[in-house]
Amino acid sequence: MNRAKILITGDTHLGGGRVKDLAIQGEKYELFGPFLKVIEGADLSVTNLESPAIDKGSPQLKTGPNLKTPVRTLKVLADSGFNLLTLANNHIMDYGAEGLNSTIQESQKLGLNTVGAGMSSQEAEKPYIKDIHGLAIGVLNIAENEFGATCNSNPGFYGMNPVKNYYSIEDLSKETDFLILIVHGGHENYPLPSPAMKERYRFFIDAGADLVVGHHPHCFSGFEFYRGAQIHYSLGNFLFDGAKNDYDLWSRGYMLQLDLGKDGNKITPIPYIQNGNKAGLRKLTKIEMQNFNEEFGKLSKIISHDKKLGESFDKFCMTKYNLYSSYIESHSIKSLHFLQNRNLFPSFINERKKRLLLNLTRCESHRDVLMNILKS
């Protein structure tokens, strides 16, 4: 019986560091090394394109860095066997509608399909469906609500909206044999979900997803079984330069290899080191594999235990206390409020601060931390 072989990877940014140079040169063997055959051997290979593909353009006003990647770097993904790019992430709109449109158009020229973003909400919310050996595979892609979520006729990515997401999942589950939901969200450099994030991802399984896969934290997390389905909270970086060494959180991640069939499914994590001491991907040594399995197991055990997960998140929030306090700090002096309300004294909250506060309150992961700190 024919089976569907699918590969899902995490965050890919081709526009910086050693990766940029190798991608421009088309050095697929240097970039993907021993995993090239794995990518090429899948019926569907998926990666998250973390930045728009555009050569020139105007960066959008936001908090955090504006990323972009040269258009010609996309070819190395197509040449290496990738055929689907997820675009719902917090950087895809860093160069506005021009950057998104360039990404979609240039990807199409190379035979790279895209999902998760579009020039309108209707396009962004459209799932990717592919028949593989008689199995209808569906991929839906959403991201937490940072800069760039679409609304009505505006370009952008499909943002997290549990009500709207529920109906998208429900509708897609009726058309497919296996539904994969890929979510861009979580807390950067923290290898666990918040308790609220765990609830949200479980809800997506309740809605009809057969597998939920996450990325964005730039480090790998654990997984859990829920109602017969798997939730992988973060794959970590796939091809993203910036690590200090091979053992940096940034450099370690895993991809998911799916072997699907009507008589059963098998989902296998494949760990690697990416862009550590050497550019590109490499396999783990025997000792490194043992360490990965041990750490992966510990994270998964914490995820399965609500109390331990809550305690871990409380500790993480305390490490962010001063930072988030500085974000929201202004003043509470009545006399100044009196003058400001009458336009007799300028506000301390400038336009940049307003953008920051907007992002803290609309983005699910930022809001989880902010609420925890305010309650403490």
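This is a predicted model: local features need pLDDT of at least 70, side-chain atom pairs count only at pLDDT 80 or more; totals for chains, interfaces and linings use all residues.
Leaving aside its neighbours within four places in sequence, Asn372 is in contact, meaning heavy atoms within 4.5 Å, with Phe313, Asp314, Cys317 and Met318. Residues are numbered from 1 along each chain as its sequence is written, and side-chain values use heavy atoms, with hydrogens and water left out.

To stay with Asn372, its C-alpha atom and that of Cys317 are separated by 6.8 Å, although the two residues lie 55 apart along the chain. Asn372 has 13% relative accessibility and therefore counts as buried, where buried means under 20% relative accessible area, exposed over 50% and partly exposed in between, with a 1.4 Å probe and protein chains only.

Asn372 is found in helix H14; helices here are DSSP runs of H or I with at least four residues, strands are runs of E with at least two, and both are numbered from the N terminus. The axes of helix H13, residues 351-362, and helix H14, residues 364-375, come within 5 Å and cross at roughly 90 degrees, the axes being lines fitted to C-alpha atoms, for helices over the stretch in contact, with angles running from 0 to 180 degrees between N-to-C directions. H13 and H14 are therefore roughly perpendicular to each other, a term covering 65 to 115 degrees, while under 35 counts as roughly parallel, over 145 as roughly antiparallel and the rest as oblique. On the H13 side the contact is made by Asn359, Leu360, Thr361 and Arg362, and on the H14 side by Glu364, His366, Arg367 and Leu370.

Turning to H13 itself, this helix of 12 residues reaches 17 Å from its first C-alpha to its last, close to the 16 Å expected at 1.5 Å a residue, the expected span being 1.5 Å times one less than the number of residues. Lys353, Leu356, Asn359 and Leu360 are the buried residues of H13. Seen down the axis of H13, they fall within an arc of 125 degrees, so they line one face of the helix, the arc being that of the directions from the helix axis to the C-beta atoms. These buried residues pack against helix H11 (321-328) and H14.

Finally, helix H5, residues 96-109, has 14 residues and reaches 20 Å, close to the 20 Å expected. Its buried residues include Gly96, Leu100 and Ile104, and H5 is followed by Gly111, whose phi is positive, near 80 degrees.
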